[in-house]
Amino acid sequence: MEPEKQEKLYCVKMRASRDGEHVSGAERIVPAAAVPTVAAQLAARALGHSKGTPDFINVKVERPGEIVRLKALPVATHVTHTPAEGYACAAELLRGVGFTRIDEIMALFRETYNMRGAMLLDADTLERLEPDRARGVRATCMDDADSLAKGTAAGKNHYAEAIVLATKVQHTPGIVGEICVSDDPDYVTGYVATREIGYRRITVIKEKGDPSGGRIFLYRGPREQVPETIRFLERQAVIVEDVPPLEDGKSGMRWDLLADELSSIEASGLGRRCRTLDAPTGPTAVVDGKRLVVFSSNDYLDLARDPRVTAAAADAARRWGAGSGGARLTTGTQPPHVTLEAHLARFKGTEAALTYATGYMANVGIISALVGKGDAVFSDELNHASIIDGCRLSGATTVVYRHNDMADLDRKLGGARAYRRRLVVSDAVFSMDGDILDLPRFLETCRRHDAFSMIDEAHATGVLGATGRGLCEHFGCGHPDVLMGTLSKALGSEGGYVCGSRLLIDWLRNRSRAFIFSTAPGASAMAAADAALSVLEAEPERVGRVRENAAFLVAELARLGIKASTQSAIVPILVGDERRAMSLSDRLLGDGFLIPAIRYPTVARGASRLRVAVMSAHTQDDLSRVATALAGCR
Ligand SMILES: *Cc1c(COP(=O)(O)O)cnc(C)c1O
């Protein structure tokens, strides 16, 4: 600590409250010239606080006495995913540096929420030492050397401010530790700090939206020294140097903001992780020695592991190579690509077909080739994300119509005659609800308005129609202009495709950037899909079986009092709350059933569901047992 006389620095402090309750506070040490700007910035910050609009804002400007410069505490981050994990982490850190009675200390956070400052607590006797319990003690009059050097208040940086405060507090005579839980309902982080272990950031320590929080300063020493401790905290001007970046090698606010938001995502039950399934896709899998019935696969007809399909893939890889080596328009077109496209066109009854690397890319590539600036695209509100992204990328005006509501579509098309080209796009089977598009009325509406019609058959091919040809076969009606689908679901391979007129395919080959500027899928994926189509044509009974299985499951669920319905192989069971959906999914996993929880942003917030995907290879026993397990969840 080196005392220093500073002539031209001022301490600017802001406190905001509502109905006498603390809302927010901050401070800076700045040169005289920056005082007006910084005072205004801090006032603006008080007005924008998520804890509510204050009715009292106090901005105070003071000349500090001598200024002490301190080196920032070293920083480490503990990534936690739940409040319970965060709590356990804090407790372990405190125990590690010799504190006891940790549960009792943590329980005191119930009392810190409405305190304006921190609780000053004897670490051993748990006696509260702050003279005014509603006010607490406040660590003020401090800043980091970096923002001082910049001369104005930098943006709101919770992270740097917290380290500055923690550094000052841990250099205060008599203070031996601090525990902080953010009192901002938008933040779920907290930290534990001591001189010994430095500043330990804990990414999740409370529930998102929880307004409780606060600080506890832990004190050890004679009672006579308490006034000096409080004086130092409240009046001693401190500048903290070398506030370290947020994580080694991942420094800066840009990462701070990501890390904080990711923590919030985790805390609200929306975190996403990949589960490794150490088995070929199929109706069952063995994970950690435990047999699971899999209800999460889109391999509806159990073709991904069919020996005829895998042999075709292996043979093609041996013959044509693992990768295609280039885009389709350069070196990436090999005989299996051509053969498959002809087969797809035959299967769907169209003049021509074109493949893409994935279904996602097909949607993005088709939509953005057919419409652009000055055009309009009409999209069902429940369409798949790849359609939504295609609409966005196209630059066309996107008009979202009500789910499967052809009257609404008709109205919206009628009001959009000024656009050069119009495209209407819909899922054939809605992937999170399992219901199907009213295709005859869809086609009639599109034709009447001279709009392109496009359907996405990702979950329809192999599932709908007597022989699995999709929605047109199901309704026995004509084709839309654009029939898009994926090779990665019922066809058990990977890649996307589009079937339609020769003119459409020629257009896409010339204008679809996702087709032109991406390497062609490898020959083995093409050959596998081709073989799968042949199996499907030879064994159409698989299609009937998958639908019978879905109907059987719905009937079993109804018998057990669970409302569910489907027109496809997808049986959604609505849950609502995100965390509840996750916990049900975990519980079902414990019972031996792999059923994913589908949450925001895949579906709307509060519309979480368990999505059961039925395969032709599930047995009635599998289906009865999963229905019973689902019924047991309520
Ligand atoms: C899965 C899916 C896609 C994307 O297909 P991929 O081949 O997996 O990229 C597109 N649309 C719908 C409706 C889907 O369900």
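Predicted model: local features only at pLDDT ≥ 70, side-chain atom pairs only at ≥ 80, totals over all residues.
Reader: Noted. How many residues are there, and what share counts as buried?

Author: The protein has 634 residues, and 55% of them count as buried.

Reader: What size of box do the C-alpha atoms fill?

Author: Roughly 90 × 55 × 50 Å, taken along the principal axes.

Reader: And how many helices and strands?

Author: 21 helices and 26 strands.

Reader: Take contacts between residues at least 6 apart in sequence. What share joins residues at least 24 apart?

Author: That share is 71%.

Reader: New topic, the ligand. Which residues come nearest to it?

Author: Gly359, Asp456, His459, Thr486 and Lys489. They belong to a set of 15 residues around the ligand.

Reader: What classes make up that shell?

Author: Ten residues are polar, three are charged and two are nonpolar.

Reader: Which helix gives the most to the shell?

Author: Helix 11, residues 359–370. Three shell residues come from helix 11.

Reader: Let's do atoms. How far is the side chain of His459 from a ligand oxygen?

Author: An N or O atom in the His459 side chain sits 2.5 Å from an oxygen atom of the ligand. For Lys489, a polar side-chain atom lies 2.6 Å from a ligand oxygen. Tyr360 uses its backbone: an N or O atom there is 2.8 Å from an oxygen atom of the ligand.

Reader: How much of the ligand does the protein cover?

Author: 86% of the 380 Å² of accessible area that the ligand has on its own.

Reader: Switching to Met526. Where does Met526 lie?

Author: In helix 18, residues 523–538.

Reader: Buried or exposed?

Author: Met526 counts as buried because its relative accessibility is 0%, and the cut-off for buried is under 20%.

Reader: What is Met526 in contact with, leaving aside neighbours within four places in sequence?

Author: Pro336, His337, Leu340, Thr355, Leu487, Glu494 and Pro521. Take His337: in sequence, Met526 and His337 are 189 residues apart. In space, their C-alpha atoms are 5.8 Å apart.

Reader: Nice. Where is Gln334 found?

Author: In the loop between helix 9 (307–320) and helix 10 (335–348).

Reader: Why does Gln334 count as buried?

Author: Because its relative accessible area is 14%, below the 20% cut-off. The Gln334 side chain also reaches the backbone oxygen of Trp320, at 3.2 Å. Beyond neighbours within four places in sequence, Gln334 is in contact with Trp320, Ser324 and Ala523.

Reader: Last one, helix 2. How many residues, and what reach?

Author: Helix 2 (residues 83–96) has 14 residues. From first C-alpha to last, helix 2 reaches 20 Å, close to the 20 Å expected at 1.5 Å a residue.

Reader: Which of its residues are buried?

Author: In helix 2, Gly86, Cys89, Ala90, Ala91, Leu93 and Leu94 are buried.

Reader: Why would residues three or four places apart point the same way?

Author: An α-helix has 3.6 residues a turn, so residues at that spacing point the same way.

Reader: What do the buried residues of helix 2 pack against?

Author: Several elements, among them helix 3 (102–107), strand 6 (75–78) and strand 9 (175–181).

Reader: And which residue just after helix 2 takes a positive phi?

Author: Gly98, with a phi of about 95 degrees.

Technical notes. Residues numbered from 1 in each chain as written. Heavy atoms only, no water. Near = heavy atom within 4 Å. Polar contact = N/O pair within 3.5 Å; in protein donor to acceptor, adjacent residues only side chain to side chain. Areas by Shrake-Rupley, 256 points an atom, 1.4 Å probe, with all protein chains shown as cover. Helix = DSSP H or I, 4+ residues; strand = E, 2+ residues; numbered from the N terminus. Nonpolar A, V, L, I, M, F, W, Y, C, P; charged D, E, K, R; others polar. Buried < 20%, exposed > 50% of the residue type's maximum accessible area, 1.4 Å probe, protein only. Contact = heavy atoms within 4.5 Å. Expected span 1.5 Å × (residues − 1).
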